[in-house]
Amino acid sequence: MTKLDKEQRFLHGGDYNPDQWLADPDVLQEDIELMEEAKINTVTVGVFSWYALEPSEGEFVFDWLDDVFEKVDKMGGKIILATPSGGRPQWLSEKYPEVNRTDAYGQKHHHGFRHNHCYSSPIYREKVQRINRKLAERYGKHPALLMWHISNEYSGECWCDYCQENWQKWVKNKYQHLDKVNEAWWMNFWGSRYSDWSQVTPPSPLGETKVHGMDLDWKRFVTDRTIDFYQAEIEPLRELTPDIPVTTNFMAEGHDNHDFIPLEGLDYGKFAKYVDIVSWDSYPDWHNNYESLAETAMKSAYVHDQYWSLKHKPFLVMESTPSEVNWHQFNKSKRPGVHMLTSFQQLAHGSDSTLYFQWRKSRGNSEKFHGAVIGHDQSAENRVFKEVAEYGARLENLTEIKGSGKDVRVAILFDWESNWALKRGGGFGRPTRKYPQTLQEHYAVFWEKDIAVDIVPSSHSLENYDLVIAPMLYLMTEETMAKLEEYVKAGGCLISSYFTGMVNENDLLYLGGLPEPLQKIFGLDVKELDTLYPEETNSFVYNEEQFSIHDYSAVVSVERGEVLASYQEEFYSGSPVVVRNTLEQGEAYFLAARTERDFLRVFYSELIEKLELANTLIDNHDPEVSVQKRRTKDTEYYFIMNFSDKEKSVGIKSAVKDMESNEMLEGLLALKGYEVRIVAKNVQI
Ligand code: GAL
């Protein structure tokens, strides 16, 4: 059991940057008093403190951090201590320019302030290990130290000589023989064949090199390089503080085009294996002008669930905001009650924390307008502060939920590699591939019905799921196909679609139609894949209702499956759109075209009924109300969340206990706009 497991409270707090305020000694004391008032119990310190800790090479200054540790400890709080590699000091870039990144055009970057160091540079690794060792030596045994926060939001690529050399080694190690590289990347095309290892250089600049297999491997290499750097970072920490857990904060992306999906650039499915607990920084665009609050909540829920699924264990929300996010295009304030609502949503999906960026609003520089617990008025008489304090007080009544698990019987498969390969390839509609966004469309149906879903990599075991949803799994290995076949044969229910099983792990097409195991599973073969312009549609009738198709239509020939719907237009009019097949104990459905969510709702409602997936305790048919469950061996905890400003109600079918008032509830439960109720039910397994 780590210190984090032993911590009984939900973590409430976040990034604390006292080193911005060292010139004002009263601020630290005032911070502690206000933290107590806001029910803050955990602070993340030192994310960008390298300069404050080492103002010149080899000169270490810890007195201010000692003071923070003492004061936080005295208030009964805990510290997540960051390694400061995310923001290196100026002296380091100046003295050792190799630590700065080189871009794809070979240009060495200037200091750049944060997040742009080279992951290969030996001197950077050495300097990072040195400061990390100092921190571990000084604070490793401090009672307030709860966990390590490694660097900050790792991302990006570098094309310096060290990285090029490492790339060549990585390729050599993977393929051993140059012929194998030529084969895997199909290098006879354009006569690109390598005749010597020295020719194996990175795809630089990306986009001009059109070797798809190479680009895919480069992305894998970038993930491996990042993990390698991370492992070098944690080496002294593992040695000196083996009992202190380690994490690094993952991200989500897509705000500019109205998406909200896990970061696409790094394979977090792989990275997660190297952290003790998954954590991520959550900045959905609440209150935007393009979708309802409930739709944003669905997308946010999806990312939470994906991060839960990386380890099937509680994760941490390492950063979020009590109010505005200064880097969004528009930065609307959270309406009263929405901070509470969106923070409880984190817990409802498996987070054991609500942590903020940041505690005190900066006076100047890049993020001075970012929401924070203490605003520029520096007062507790402030709406945002009061809402944070109110949330903190509510958390104190809910501690028994911390560490609890989830019951999940539905899985969506997502592979970062498949996403990279599909996005990189030519053909089809460039802006409409939208693999994670399409998965989110499927997910939305379950979220609207309060049914928990895991989003797992295809390497994950499928045994415990009654339903596996794997549309658009473009890159599929033979092992995955065999696993899906076994899953269906053993009684599972599998859903897939157009774009599935097209290429192998090298992005080489499978020849001879849909690979044989998939033909067996779905009872069909795929003959063509038609791309529609955004303004075009096709249609089909399913259960006597008409539905529309957009973006993609596969033309399939059915061998054994049962045709449930057919295209109404185009040269393939009359050919199948929805096909069901059975294989031994199980069944599989193939959706040949991209449909709207209205069809998915109808389609899945039959399976939800057949597989008895629906929530039986809380009757809720309102898609703006979300009910999510966490559980221990003998208790189920339901978070009932109203994602609208209108009054709503749900029906409670058998008595539950309100976790905060302790009253027993049954029958109709009314919720005010944005309200959250948390109820518990004792159960026996
Ligand atoms: C995060 C980052 C923080 C801060 C925050 C503002 O991505 O880790 O340091 O910049 O965004 O939203």
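Modeller: One term to start with: buried means under 20% relative accessible area, and exposed means over 50%. Also, this is a predicted model.

Biologist: Fine. So is Tyr572 buried or exposed?

Modeller: Tyr572 has a relative accessible area of 4%, so it is buried.

Biologist: And Phe571, buried or exposed?

Modeller: Phe571 comes out at 57%, so that residue is exposed.

Biologist: How are the rings of Phe571 and Tyr572 arranged?

Modeller: They form an edge-to-face aromatic pair. The centres are 4.7 Å apart, with 80° between the planes.

Biologist: How many aromatic pairs does the count come to?

Modeller: The count is 53 aromatic pairs. Take Tyr119 and Tyr154: their ring planes stand at 70°, over the 60 degrees required, so this pair is edge-to-face. Their centres lie 5.8 Å apart.

Biologist: Which parts of the chain does that pair link?

Modeller: Distant ones, 35 residues apart. Tyr119 is in the loop between helix H5 (90-95) and helix H6 (122-139). Tyr154 is in the loop between strand E4 (145-149) and helix H7 (161-175).

Biologist: Are Tyr119 and Tyr154 buried or exposed?

Modeller: Tyr119 has a relative accessible area of 6%, so it is buried. Tyr154 is buried too, at 2%.

Biologist: What charged end sits over the ring of Tyr119?

Modeller: That of Arg101, 5.2 Å from the ring centre. Elsewhere, the charged end of Arg360 sits over the ring of Trp21, at 5.6 Å from its centre.

Biologist: Switching topic. Which residues touch the most other members in the largest nonpolar core?

Modeller: Trp185, Phe446 and Tyr604. That core has 195 residues. Helix H9 (residues 212-240) gives the largest share, 10 residues.

Biologist: Where does this core lie relative to the domains?

Modeller: Domain 1 (410-611) and domain 2 (618-682) both contribute residues, so the core lies between them. The C-alpha centres of the two domains are 34 Å apart.

Biologist: Back to Tyr604. What is it in contact with, leaving aside neighbours within four places in sequence?

Modeller: His442, Val445, Phe446, Leu467, Ile469 and Ile495.

Biologist: What other core lies apart from the largest one?

Modeller: There is another core of 13 residues, including Tyr638, Val656, Leu671 and Val679.

How values were computed
Residues numbered from 1 in each chain as written. Predicted model: local features only at pLDDT ≥ 70, side-chain atom pairs only at ≥ 80, totals over all residues. Heavy atoms only, no water. Phe/Tyr/Trp six-rings, centres within 6.5 Å; stacked < 30°, edge-to-face > 60°. Helix = DSSP H or I, 4+ residues; strand = E, 2+ residues; numbered from the N terminus. Buried < 20%, exposed > 50% of the residue type's maximum accessible area, 1.4 Å probe, protein only. Lys NZ or Arg CZ within 6 Å of the ring centre and 35° of its normal. Domains from an automatic or database assignment. Core = buried A, V, L, I, M, F, W, Y, C linked by side-chain atoms within 4.5 Å. Contact = heavy atoms within 4.5 Å.
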